[in-house]
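This briefing is set out for use beside the sequence and the three-dimensional view. Please keep both open while reading.

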Amino acid sequence: MNNLSSKQLQGIGMTSQRTRDRLIDRLQQRGITNSRVLEVMRNTPRHLFVDEALSHRAYEDTALPIGYGQTISQPFIVALMTQMLLESGTPSSVLEIGTGCGYQTAILAQLIAHVYSVERIGSLHQQARKRLAELRLYNVELRHTDGNAGWQGSSIQFDRIIMTAACKDVPRKLADQLNDGGEMILPYDDGSSQVLMRITRQGDDYETEAFDAVSFVPLLPGTV
Ligand code: SAH
């Protein structure tokens, strides 16, 4: 687990700090109560995860384009999913499906000891790797691979899995990589709308609960 040093936050300027505080106020108004999540989001420079031309909008509570037809998730949704991941206690490991620009990954890396994240688009994977190294978030392992199969080639199991792309069928291989008692948070697409879903593994049983309506890019097969 890491904290960003004050040096890494330099150069952001007072205006951005005020803007960022306003974003945190908004997250609180919308029901984010976990103070650790709020603090980490206050201190994470979201503008470094978007193109410079969009950096003036980085602290708006909105998704923004990151190229390749993909988006950086809306801060409220990042906060909500992270809060849900921590609700039943702090996990020691989490697997993220859909690294994208790496913003959600950076938030997780400051709250959870071991973070694993996979991305199917090679250029996004490379950019995220660079950003997370610049922020000195070293407790993250990234892979360029299709997350439908989860974290392949080792017997590692996860306390939590977070999917940041919407799926119509929950990949079985992913559910199998949850520890007993582990939880997966994902946007589930029923064909007409998407909802956040929590799946809890109890032995060979999987309990599902549905939450807020959301809007994510789709989970796609293969790598590019
Ligand atoms: N976590 C990101 C959200 C990125 S958008 C954030 O913090 O903003 C979702 C990402 O999921 C996209 O980059 C997309 O390419 C990726 N994705 C879609 N299907 C995937 C798959 N099967 N395996 C891995 N990544 C996938």
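Which residue in β8 is the bridge partner of E183? The bridge partner of E183 in β8 is T200. The model is predicted: local features need pLDDT of at least 70, side-chain atom pairs count only at pLDDT 80 or more, and totals for chains, interfaces and linings use all residues. Residues are numbered from 1 along each chain as its sequence is written, and side-chain values use heavy atoms, with hydrogens and water left out.

**Sheet**

- Seven strands form an open sheet in the order β5-β4-β3-β6-β7-β8-β9, with mixed pairing; strands are DSSP runs of E of at least two residues, helices are runs of H or I of at least four, and both are numbered from the N terminus.
- At the edges are β5 (140–144) and β9 (205–214), each of which pairs on one side only; two strands count as paired if DSSP finds at least two bridges between them.
- From one strand to the next, the twist averages 15°.
- Strand β8 (residues 194–202) pairs with β7 in the antiparallel sense over seven bridges.
- Helix α6 (residues 122–134) lies across β4 (114–119) and β5, and runs at about 160° to β5; axes are lines fitted to C-alpha atoms, for helices over the stretch in contact, and angles run from 0 to 180 degrees between N-to-C directions.

**I185 in strand β7**

- I185 belongs to strand β7 (residues 178–189).
- I185 counts as buried because its relative accessibility is 0%; buried means under 20% relative accessible area, exposed over 50%, and partly exposed in between, for a 1.4 Å probe and protein chains only.
- Apart from neighbours within four places in sequence, the contacts of I185 include M81, M84, L85, I161 and L196, where contact means heavy atoms within 4.5 Å.

**Aromatic pairs and charges over rings**

- There are three aromatic pairs in the structure; rings of Phe, Tyr and Trp (its six-membered ring) pair if their centres lie within 6.5 Å, and planes under 30 degrees apart count as stacked, over 60 as edge-to-face and the rest as tilted.
- F49 and Y103 form an edge-to-face pair, because their ring centres are 5.6 Å apart and their planes stand at 70°.
- This pair links distant parts of the chain, with F49 in the loop between α3 (35–43) and β1 (64–67) and Y103 in helix α5 (residues 103–109), 54 residues apart.
- F49 is buried at 1% relative accessibility, and Y103 is buried with a relative accessible area of 2%.
- Y116 and W151 are also edge-to-face, because their ring centres are 5.0 Å apart and their planes are at 75°.
- Y116 lies in strand β4 and W151 in the loop between β5 and β6 (158–163), so the pair ties together parts 35 residues apart in sequence.
- One aromatic cluster is formed by Y116, W151 and F158.
- R46 lies over the face of Y103, at 5.6 Å from the ring centre, and R30 lies over the face of F76, at 3.8 Å; a charge sits over a ring if NZ of Lys or CZ of Arg is within 6 Å of the ring centre and within 35 degrees of the ring normal.

**Nonpolar cores**

- The largest nonpolar core has 50 residues, and those with the most contacts inside it are L27, I32, M41, I72, Y103 and L137; such a core is a set of buried Ala, Val, Leu, Ile, Met, Phe, Trp, Tyr and Cys residues joined through side-chain atoms within 4.5 Å.
- Helix α4 (75–86) is among the elements that give two or more residues to this core, and α4 supplies the largest share, nine residues.
- Another core, of 16 residues, lies apart from it and includes I97, M163, A175 and L186.
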